Structures are given as C-alpha cells and as structure tokens.
Amino acid sequence: MEVYAGLITNTDRNIGRLLAALDTLGVRDNTMIVLMSDNGGSAEGTQTGTPNVFAAAFGRPVPVPEAARLYDVMGEDQTFPHYPIGWACASNTPFRLYKQYAHLGGVADPLVIAWPKGIAAKGEIRSRFVHVIDLYPTILEAIGVERPATYRGRKLKPLEGASAAATFKSDSAPTRSEQYFELGGQRAYMDGNWRAVIRHERGTPFEGDRWELYDLSREVNEITDLADQQPEKVAALAAKWQAAAERYGVFPMDDRNLIIKLSQDRLRRGTKTHFDMRAPMDRLSAHVSPQVGGYSHEIIVDLVRRPGAGDGVLFACGSRHAGFVMHIRQGRLVYEQSMTPWVERIEPAEALPDGPLRLRYVQTMTARPFEGGGALFLGERKLAERTFANVLLSTSYDGFSLGADLGNRVSTLYEGHNPFQGELVRVQFNIDSTPFDLIESKRFIDRIGIRV
C-alpha cells in the first residue's frame with residue numbers, strides 16, 4: 001500500500017506539471033481536465049498480497065517468506081506488486097466489496113472536473129449521479145460539437161449517455177436517475193435512491209442468484225438488505241434490469257475467470273504457428289506477439305557476430321515479471337524464462353565463434369501447459385538443455401522486441417535495452433499450437449486454481 005500511495009503521489013505531481021505547462025502555453029483556462037478511476041479497490045492481490053501479480057494469476061503464487069525477501073525493492077522494476085485484500089477493503093470504505101463486483105465498492109468512482117472558462121464554481125461538490133457513458137455527450141456539449149449521425153457512410157448507434165454539463169452551473173440540475181450494471185454475472189440496478197444488486201458466485205446458475213435491496217437515502221454503504229421487506233420493489237427493479245440487459249446486449253452473460261476466458265478465446269481463434277522477422281523492427285504489442293506459453297516450439301536465429309562485438313539481446317518478450325529472452329553475454333548464448341522471483345536459465349559454458357551463425361532454441365513439452373524443458377543449439381549441435389521447474393504460461397504486457405529488450409528488461413544479467421552488437425539477419429518462430437485436449441485443459445484449470 002505504500003507503493004500504491006507513492007504512485008498516487010507521483011501521479012499528483014505529474015498532473016501538477018501538466019497544469020503548469022498549460023499555464024505556460026496560456027491555454028489552461030479553456031482546457032477541461034477530467035480525473036476519474038475505472039473501478040473500486042481491487043481484491044486481486046489475495047489475502048496476503050503479492051510482489052508479482054502475474055505469478056498469482058498464472059498459478060504460481062509467491063509464498064510470503066519469498067515475497068518478504070523483495071520487501072526493500074517493492075514497487076521498483078524488479079516487482080509488479082499488488083496490495084492484499086484488507087487494503088482494498090480500507091480503500092473502498094465505506095462501500096462494500098471490490099473491483100469486479102456490482103456493489104458500490106466495485107463501481108463507485110471519484111470524478112473531478114476542472115474547466116476555469118466553463119465552470120465558475122471553485123471546489124464545489126455535486127451529489128448528482130453521473131455514469132461513465134455520460135462523459136462523452138458532456139464533452140460534446142461543452143465544446144459545442146454535434147455528433148454526426150453517420151461515420152464513413154455507416155449509421156452510428158444512438159448515444160446511450162446523456163450530457164451532465166448543466167451541473168457545471170447548478171448543483172440542482174437533473175442527471176440520469178436510473179442505470180443498470182453487469183460484469184461477469186454481477187448485476188445491479190439503480191433507480192433514484194433504490195439500488196438492487198446481485199452478488200454472483202462464479203460457476204453457479206444465474207437463475208439461482210438472489211437480489212439484494214438497499215435504500216441509499218438511509219445509508220450509502222449497502223449494509224441493510226431490505227429485499228425481504230419490500231419484494232415488490234425488488235421485482236420492479238429486477239424487471240427494469242432485465243429490460244435494460246435485453247436492450248443493450250448483455251446476454252448471454254459470461255462469468256468465466258478472465259484467464260480462462262482469454263485462454264479459451266485464444267484457442268477458439270487459433271494461434272499463429274509461424275513468425276518470420278527481420279531487423280530492424282518496431283516492438284510488437286503483447287496482443288500480436290508470438291504466443292509460445294505452454295507449447296512446444298522452435299526459435300531459429302540467423303546472425304553475424306563481429307570480432308569483439310557479438311553480445312546483446314537477440315529477442316525479448318514480456319518482462320522479468322513474466323517473460324523470456326535469448327541473448328549473448330560475454331560470448332555465451334543464454335536463454336531465460338523469468339517470473340519474479342523465479343528464473344529458469346540455460347547458459348552453456350562454451351563461447352560462440354565469430355562470423356555467420358545459426359542458433360536455435362527448442363522447447364519440448366512433456367505435459368502441457370506447465371511441464372517441459374528447453375535446449376540451445378549451435379546449428380544442429382546441442383550446447384545445453386534444462387528441464388524447467390515450471391514452463392512460463394504467458395508473458396506480461398511489455399510486448400516483443402527484436403535485437404534489443406525495449407520493455408522492462410527480462411533478465412538481470414544485463415542493463416538497459418542491451419542491443420545486439422552484430423548483425424541480426426533473421427528470426428523465425430515455429431509453434432506447435434495444437435489445441436489443448438480435455439486432460440490438458442483440466443490440468444490448466446486445476447493449476448490456476450479457479451472455478452470455470
């Protein structure tokens with residue numbers, strides 16, 4: 001939580017820098033600043049917190065004693081931390097529950113708007129309800145732009161939000177009074193001061209869920225459930241939620257865990273099996289990078305090492321929090337898979353020769369998606385191999401870079417981007433992305449420790 005507080009302080013200071021720059025440019029008075037968040041405090045750090053949220057998400061939570069060894073560098077680039085659930089509870093006080101829930105602890109967010117030319121009020125509070133979909137029409141009205149009916153010859157969907165610009169001048173100006181919510185089976189409907197909400201348990205039938213009912217005029221923190229006392233009100237709000245859900249395309253609801261959903265969607269779409277890359281090349285987004293996690297695959301690198309200038313990164317994907325890299329260090333080829341605080345490294349003792357070379361990394365899975373090993377080759381000659389304690393399932397958000405490590409570096413064996421000093425001619429990926437069978441899918445689900 002100290003790390004989180006530090007980030008907020010840093011963000012605050014940089015907002016100050018932005019405002020100072022707008023002052024210098026002479027445009028601050030006519031610039032609208034909108035500050036908001038996207039959800040309530042997150043419980044994704046689990047009961048104990050974690051120094052690496054990817055490790056927890058990919059089925060390898062970091063034990064507390066192991067995490068404690070990273071205490072002094074928490075929040076630095078060695079870690080990707082998340083506070084424990086108790087701090088999420090404190091952050092959301094007085095509201096109930098967390099991000100991913102439809103209770104107010106998940107969806108009540110701050111909204112601060114500053115616009116000196118357009119808002120005469122200074123520091124006043126508006127208690128009117130505004131939903132995120134209202135911000136777009138609010139900005140359109142503020143700048144005097146009418147939304148077109150068509151775009152590139154296609155008719156646009158009607159706006160589902162409504163401008164709240166009238167609240168800039170009046171604290172009594174009306175805004176929307178009703179709104180539906182749905183995320184992963186969590187549902188809510190607000191009508192004035194009445195709020196009906198469902199706490200859905202993943203994997204259970206939606207039709208068995210129970211509506212709770214709260215009167216926000218009496219308490220804002222959804223503590224006293226009035227559903228049993230006012231069944232007619234519950235039925236009315238449930239009917240309104242149903243009508244809104246049908247109108248706005250909520251169905252079919254999907255309560256799968258995000259990791260399961262992403263993995264199954266990837267299997268449904270299929271995975272690209274061959275990549276052929278030539279330097280120089282811009283960094284690829286994580287969404288279109290080679291997806292090798294849990295698969296047998298081969299990576300072929302053709303390059304030229306120059307005398308005295310043959311070290312550096314050949315390719316890197318992800319970061320030390322979840323990533324893999326092949327690089328040459330002091331003349332020796334190195335392949336690493338990293339997931340803080342663990343590193344799986346293959347490093348032959350033999351130095352590489354200078355000149356044109358073909359290097360290969362071959363990963364062979366014995367029990368997908370977590371059991372297998374890798375081997376490094378010079379041409380067809382094996383240099384070294386290793387059976388991994390855990391094969392890396394996926395990578396972080398940093399993407400794929402060729403000829404340098406342009407994200408948060410994967411390896412601690414080098415500093416900075418560590419560009420390859422020689423000539424990188426060609427890099428090829430050949431991936432056996434045969435879809436997981438039922439046993440492999442169950443092994444994945446059991447290891448991640450989640451309910452489908």
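In the predicted model, six strands form an open sheet with the order 9-19-10-15-16-17. Pairing in this sheet is antiparallel. Strand 9 (274-277) and strand 17 (381-387) are the edge strands, and each pairs on one side only. From one strand to the next, the twist averages 10°. At one end of the order, strand 16 (residues 371-378) and strand 17 run antiparallel and are joined by six bridges. Within this pair, Leu376 has Ala384 of strand 17 as its bridge partner.

An open sheet of five strands is also present, in the order 14-13-12-11-18. Its pairing is antiparallel. Strand 14 (342-346) and strand 18 (400-402) stand at the edges. Each has a single partner strand, so one side of each is left without a neighbour in the sheet. The twist here averages 15° from one strand to the next. Strand 18 is held to strand 11 (residues 312-319) by three bridges, and the two run antiparallel. Cys317 has Phe400 in strand 18 as its bridge partner.

Another antiparallel pair consists of strand 7 (residues 194-198) and strand 8, with five bridges between them. Arg195 lies opposite Tyr214 of strand 8. Burial of strand 8 was then examined. Strand 8 (residues 211-215) is largely enclosed by the rest of the structure, because five of its five residues are buried. In a regular strand, side chains alternate between the two faces of the sheet. Both faces of strand 8 are covered. On one side, Trp211, Leu213 and Asp215 are buried. On the other, Glu212 and Tyr214 are buried as well.

The chain as a whole was described next. Its secondary structure comprises nine helices and 19 strands. The C-alpha trace spans about 75 × 60 × 55 Å along its principal axes. Of the 452 residues in the protein chain, 42% are buried. Among contacts with a separation of 6 or more, 66% involve residues 24 or more positions apart.

The protein chain has an accessible surface of about 24,200 Å². Carbon and sulfur atoms account for 53% of that surface. There are 53 positive and 55 negative side chains. The centres of these two sets lie 3 Å apart.

Definitions and conventions
Residues numbered from 1 in each chain as written. Predicted model: local features only at pLDDT ≥ 70, side-chain atom pairs only at ≥ 80, totals over all residues. Heavy atoms only, no water. Buried < 20%, exposed > 50% of the residue type's maximum accessible area, 1.4 Å probe, protein only. Helix = DSSP H or I, 4+ residues; strand = E, 2+ residues; numbered from the N terminus. Pairing = 2+ DSSP bridges. Contact = heavy atoms within 4.5 Å. Areas by Shrake-Rupley, 256 points an atom, 1.4 Å probe, with all protein chains shown as cover. Lys, Arg positive; Asp, Glu negative; His and termini not counted. Charge placed at Lys NZ, Arg CZ, Asp CG, Glu CD. Axes fitted to C-alpha atoms, helices over the stretch in contact; angles between N-to-C directions.
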